[in-house]
Amino acid sequence: MPLFWLFPALILIEIAAFVMIGSEIGVGLTLLLVLGSTALGVWTLRRLGLQAAQAMQSGFAFAARGGRENPVQQMGDGTLKAFASGLLIVPGLVSSALGAVLLIPAVRQFLWQRLQSRLNIRTASYGAAHGRNEGVIDGEFTEVDTRAPQVGGAANENSVWRQHPHDDQK
């Protein structure tokens, strides 16, 4: 089925679920259920934002200490939590049910393992993170010829980087 038909099919499924559940438990309870799932989605998304900020901060601290853990699993889990929150926020009973199921950690882990094999995930790190180039600082330098004409830059008489001949004698 082309992707074009997916959205209208989801709308029809949501309407059918709303009518079926509404006829069983009543319109008022059905609307309350939809509003409750939206509130749960907003609350989950807010909490997810705080967790993401804390995870990023601890991840940076871990990396600064030379940590070598791959953050892909945490990123995938956070992405699936955000998707679940979005499904809860969208008004509809089927999407809310899918979002609630996706909030279960075992379901997210199972789904992420299936998705990860189909995704092209690339990570990058600096040499020190893998134990290479310890003690090496990457940088650029310019050789200064003190006999060169004084034309701005490093050869300038007022530069703090200029080495004066009388400095060596102290």
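Tutor: Pro91 counts as exposed because its relative accessible area is 63%, where exposed means over 50%, buried under 20% and partly exposed in between, with a 1.4 Å probe and protein chains only. This is a predicted model, in which local features need pLDDT of at least 70 and side-chain atom pairs count only at pLDDT 80 or more, while totals for chains, interfaces and linings use all residues. Residues are numbered from 1 along each chain as its sequence is written, and side-chain values use heavy atoms, with hydrogens and water left out.

Pro91 sits in the loop that joins α3 to α4 (93-102), helices being DSSP runs of H or I with at least four residues and strands runs of E with at least two, numbered from the N terminus. Although Pro91 and Leu33 are 58 residues apart in sequence, their C-alpha atoms are 9.8 Å apart in space. Another pairing across the sequence involves Val94, whose C-alpha atom is separated by 7.6 Å from that of Ile13, 81 residues away along the chain. Ile13 belongs to helix α1 (residues 6-25), and Ile13 is partly exposed because its relative accessibility is 44%.

Turning to helix α3, we come to Ser85, which lies in that helix. Ser85 has a relative accessible area of 0%, and therefore counts as buried. Apart from neighbours within four places in sequence, Ser85 is in contact (heavy atoms within 4.5 Å) with Gly41, Thr44 and Leu45.

Helix α3 (residues 72-89) also packs with helix α5 (residues 105-116), at an angle of about 115° and with the axes 10 Å apart; here the axes are lines fitted to C-alpha atoms over the stretch in contact, and angles run from 0 to 180 degrees between N-to-C directions. On the α3 side, the contact is made by Val72, Gln73, Gly76, Asp77, Leu80 and Lys81, while α5 contributes Arg108, Leu111, Trp112, Leu115 and Gln116.

Of its 170 residues, 18% count as buried, Ser85 being one that is buried. Among the contacts in the chain with a separation of 6 or more, 56% are accounted for by residues 24 or more positions apart.

One further detail concerns aromatic rings. The structure holds one aromatic pair, a pair being rings of Phe, Tyr or Trp (its six-membered ring) with centres within 6.5 Å, counted as stacked when the planes are under 30 degrees apart, edge-to-face when over 60 and tilted otherwise. The pair is formed by Phe4 and Trp5, and it is edge-to-face because the planes stand at 80°, with the ring centres 5.0 Å apart. Phe4 is exposed, at 59% relative accessibility, whereas Trp5, with a relative accessible area of 48%, is partly exposed.
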